[in-house]
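Reader: I have a model open and want to learn to read how its parts pack. Can we go feature by feature?

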Amino acid sequence: MEIPKIHESEYRFCLILWDKEPATTVELVKLCKEQLGWKRTTTYTVIKRLVERGVLKNENGTVTSLFSKE
């Protein structure tokens, strides 16, 4: 399976997720605000984009990655 290309900001988001995985969207919003200075809507947009590209899975508000950090 080919790894989709992601932008730098999406990669920084994935680093946070990989550290806390699995994480709820509420946890991710809080962490992204603290570590990246993002607003809630920015976090949800990035999650949505990465789910659409097959990088993440979001089931009932619990987000997991489909690719490992390695």
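Author: Helices here are DSSP runs of H or I with at least four residues, strands are E runs of at least two, and both are numbered from the N terminus. This is a predicted model: local features need pLDDT of at least 70, side-chain atom pairs count only at pLDDT 80 or more, and totals for chains, interfaces and linings use all residues. Residues are numbered from 1 along each chain as its sequence is written, and side-chain values use heavy atoms, with hydrogens and water left out.

Reader: How are H1 and H2 oriented to each other?

Author: Axes are lines fitted to C-alpha atoms, for helices over the stretch in contact, and angles run from 0 to 180 degrees between N-to-C directions. Under 35 degrees counts as roughly parallel, over 145 as roughly antiparallel, 65 to 115 as roughly perpendicular, and the rest as oblique. H1 and H2 pack at about 125°, with axes 11 Å apart. The two helices are therefore oblique.

Reader: Which residues of H1 and H2 meet?

Author: Contact means heavy atoms within 4.5 Å. From H1 come Arg12, Phe13, Ile16, Leu17 and Lys20. They meet Leu28, Leu31, Cys32, Gln35 and Leu36 in H2.

Reader: Why do residues three or four places apart point the same way?

Author: An α-helix has 3.6 residues a turn, so such residues point the same way.

Reader: Which residues in H2 are buried?

Author: Buried means under 20% relative accessible area, exposed over 50%, and partly exposed in between (1.4 Å probe, protein chains only). In H2, Thr25, Leu28, Val29, Leu31 and Cys32 are buried. Their cover includes H1, strand E1 (23-24), H3, strand E2 (56-59) and strand E3 (62-65).

Reader: Thr25 and Val26 both lie in H2. Is each buried or exposed?

Author: Thr25 is buried, at a relative accessible area of 10%. Setting aside neighbours within four places in sequence, Thr25 is in contact with Tyr44, Ile47, Asn58, Gly61 and Val63. Val26 is exposed, at 61%.

Reader: What happens just after H2?

Author: Gly37 takes a positive phi of about 75° there.

Reader: Now the rings. How many aromatic pairs are there?

Author: Rings of Phe, Tyr and Trp (its six-membered ring) pair if their centres lie within 6.5 Å; planes under 30 degrees apart are stacked, over 60 edge-to-face, the rest tilted. The count is two. Tyr11 and Trp18 have ring centres 6.1 Å apart and planes at 70°, so this pair is edge-to-face. Phe13 and Trp38 have centres 6.3 Å apart and planes at 5°, so this pair is stacked.

Reader: What does the pair of Phe13 and Trp38 tie together?

Author: Phe13 lies in H1 (residues 8-20), and Trp38 in the loop between H2 (25-36) and H3 (40-52), so the pair ties together parts 25 residues apart in sequence. Both residues are buried. Tyr11 is partly exposed, at 35%.

Reader: Which residues have the most contacts inside the largest nonpolar core?

Author: Such a core is a set of buried Ala, Val, Leu, Ile, Met, Phe, Trp, Tyr and Cys residues joined through side-chain atoms within 4.5 Å. The largest has 16 residues, with Phe13, Leu17, Leu28, Leu50, Val55, Leu56 and Val63 making the most contacts inside it. H1, H2 and H3 each supply at least two core residues. H1 gives the most, with four.
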